[in-house]
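Here are some exercises to work through with the model open beside you. Try each task before you read its solution.

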Amino acid sequence: MSEIIRITEVEPLEGLCIRATFSDGAIKEIDLSEVLSGGGFFEPIYQRREVFEQVVVNQDSGTVEWPGEVDLDPEVLYGRYEPASGHRIERRTIREPAAAAN
């Protein structure tokens, strides 16, 4: 398999969606509503827009993170794997990976 994917930029969008830029140059809009609706440590992010909007890139792990060190696997966000929880993640590719563009 290719190199480990990392997230380099993230932006919160409408609803519970983010736009993530990945280390291979791909940009994807990712709907996290089903994953975040699972409750537990995701509950504050799901229930409060101001918490959801605090999403940042953790520079050490290369993934998205919210207050309380709540994060999601970048490989799952990219679409290489599905969440262990069984929740669906809808993704829309905005820009293909740099290597695929050639």
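**Exercise 1.** List the residues that V64 touches, leaving out those up to four places away in sequence.

*Solution.* Before going on, a word on the model: it's a predicted one, where local features need pLDDT of at least 70, side-chain atom pairs count only at pLDDT 80 or more, and totals for chains, interfaces and linings use all residues. Numbering runs from 1 along each chain as its sequence is written, and side-chain values use heavy atoms, with hydrogens and water left out.

**Exercise 2.** Which residues have the most contacts inside the largest nonpolar core?

*Solution.* Buried is under 20% relative accessible area, exposed is over 50%, and partly exposed lies in between (1.4 Å probe, protein chains only). The largest core has 26 residues, and F22, V64, W66 and L77 have the most contacts inside it. Next, see who contributes: β1 (7-12), β2 (17-22), α1 (33-36), α3 (49-52), β5, β6 and α4 (74-78) each supply at least two residues. These elements are DSSP runs numbered from the N terminus (helices: H or I, at least four residues; strands: E, at least two).

**Exercise 3.** Work out the strand order of the open three-stranded sheet.

*Solution.* Two strands pair if DSSP finds at least two bridges between them. Applying that gives β4-β5-β6, with antiparallel pairing. The edges are β4 (56-58) and β6 (70-72), each pairing on one side only. Now zoom in on β5 (residues 63-66), which three bridges join to β6. One detail to check there: E65 has D71 as its bridge partner in β6.

**Exercise 4.** Is E29 buried or exposed, and which side chains make polar contacts with its own?

*Solution.* Find E29 in strand β3 (residues 27-31). Its relative accessibility is 15%, so E29 counts as buried. Then look for polar contacts: pairs of N or O atoms within 3.5 Å where, within protein, one must be able to donate a hydrogen and the other to accept it, and residues adjacent in sequence count only if both atoms are side-chain atoms. The side chain of E29 has such a contact with that of R19 at 2.4 Å, and another with the side chain of R92 at 2.6 Å.

Technical notes. A nonpolar core is a set of buried Ala, Val, Leu, Ile, Met, Phe, Trp, Tyr and Cys residues joined through side-chain atoms within 4.5 Å. Contact means heavy atoms within 4.5 Å.
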